[in-house]
Amino acid sequence: MHKLERPSDVIRGFTPAWFTVNMGTGLAGLLLYKFPYPWSPLRYISMAIALFNLILFALFSVIFLWRLVRHQDLHRILLHPQMSMALGAIPMGFSTLIISLVTMITPYGAPWVPVLSLVLWAVNVALSVLTLFIVPLAVITHQEQTLEKVNATMVLPIVPAIVVASTGGVVSSIYNGAIATAVIVVSYSMWAMGLGLSMMVIVVYLVRLTFFRLPPKEAIASVFIPLGSLSQSSYAIQLLG
């Protein structure tokens with residue numbers, strides 16, 4: 001591993017892949033909170049994990065925005081075949097924060113939770129739409145791709161649309177009337193776009209596996225990535241009804 005020439009290289013080397021930490025940390029907190037066997041300390045442990053996840057997300061966001069402002073290399077990230085795929089981790093990590101907010105704070109009757117969760121969800125919808133269209137567009141128009149180079153990570157910028165749909169199902173549960181209906185309609189639209197595009201990419205990936213066999217050993221775990229879009233689609237449709 002090469003040494004950094006300057007401390008500022010840490011900022012330049014920060015990639016969106018760090019937001020996958022939020023995905024795993026947020027999910028761990030939610031699983032503990034929903035643990036089927038009651039044990040009161042688990043609730044506080046899961047809340048502590050959610051708070052830690054919030055701090056991590058804020059830290060990563062500041063560093064990433066600092067990189068974009070200082071080095072102005074968003075185009076470099078979009079043109080990179082791996083870093084551009086990791087942009088999908090940002091709205092997915094954000095979704096874990098919104099679900100944690102609704103799930104863990106609503107039982108305490110905080111009056112600001114519905115409005116805040118709705119605003120955050122709307123922001124996340126915008127982020128998901130951006131990754132859903134801009135990253136695949138960059139792949140088609142600017143990146144050099146061949147069938148042999150296709151890998152499962154191409155699903156990552158598409159899955160956020162499905163994740164934000166399931167998040168909408170959680171947010172709509174604390175609303176009634178027109179707002180709940182609007183959230184569900186938008187969530188269904190995001191679910192349809194995300195599932196449709198992810199199925200197209202999965203078909204291309206299956207063709208790649210058919211002609212060029214499995215990826216190398218160091219990337220073999222990536223073959224499980226398409227399961228995320230399929231399982232999340234099932235979860236979202238159950239929540240939306």
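The model is predicted: local features need pLDDT of at least 70, side-chain atom pairs count only at pLDDT 80 or more, and totals for chains, interfaces and linings use all residues. Residues are numbered from 1 along each chain as its sequence is written, and side-chain values use heavy atoms, without hydrogens and water.

**α6 with α7**
- Helix α6 spans residues 89-105 and helix α7 residues 113-141; helices are DSSP runs (H or I, at least four residues), numbered from the N terminus.
- Their axes come within 10 Å and cross at roughly 165°; axes are lines fitted to C-alpha atoms over the stretch in contact, with angles from 0 to 180 degrees between N-to-C directions.
- That angle makes α6 roughly antiparallel to α7 (over 145 degrees).
- Contact residues (heavy atoms within 4.5 Å) include Phe94 and Ile98 of α6 and Leu120 and Trp121 of α7.
- The contact residues divide into 12 nonpolar, five polar and no charged.

**α6 with α8**
- Helix α8 (residues 159-172) packs on α6 at about 10°, with the axes 9 Å apart.
- The two helices are therefore roughly parallel (under 35 degrees).
- Among the residues in contact are Ile99 of α6 and Val163 of α8.
- This contact has 11 nonpolar residues, two polar and no charged.

**Ser233**
- Ser233 sits in helix α10 (residues 225-240).
- Ser233 is buried, at 5% relative accessible area (buried is under 20%, with a 1.4 Å probe and protein chains only).
- A polar side-chain atom of Ser233 lies 2.6 Å from the backbone oxygen of Ser229.
- Leaving aside neighbours within four places in sequence, Ser233 contacts Ile162, Trp191 and Leu195.

Terms used: Buried means under 20% relative accessible area, exposed over 50%, partly exposed in between (1.4 Å probe, protein chains only). A polar contact is a pair of N or O atoms within 3.5 Å; within protein, one must be able to donate a hydrogen and the other to accept it, and residues adjacent in sequence count only if both atoms are side-chain atoms. Angles under 35 degrees count as roughly parallel, over 145 as roughly antiparallel, 65 to 115 as roughly perpendicular and the rest as oblique. Ala, Val, Leu, Ile, Met, Phe, Trp, Tyr, Cys and Pro count as nonpolar, Asp, Glu, Lys and Arg as charged, and the others, Gly among them, as polar.
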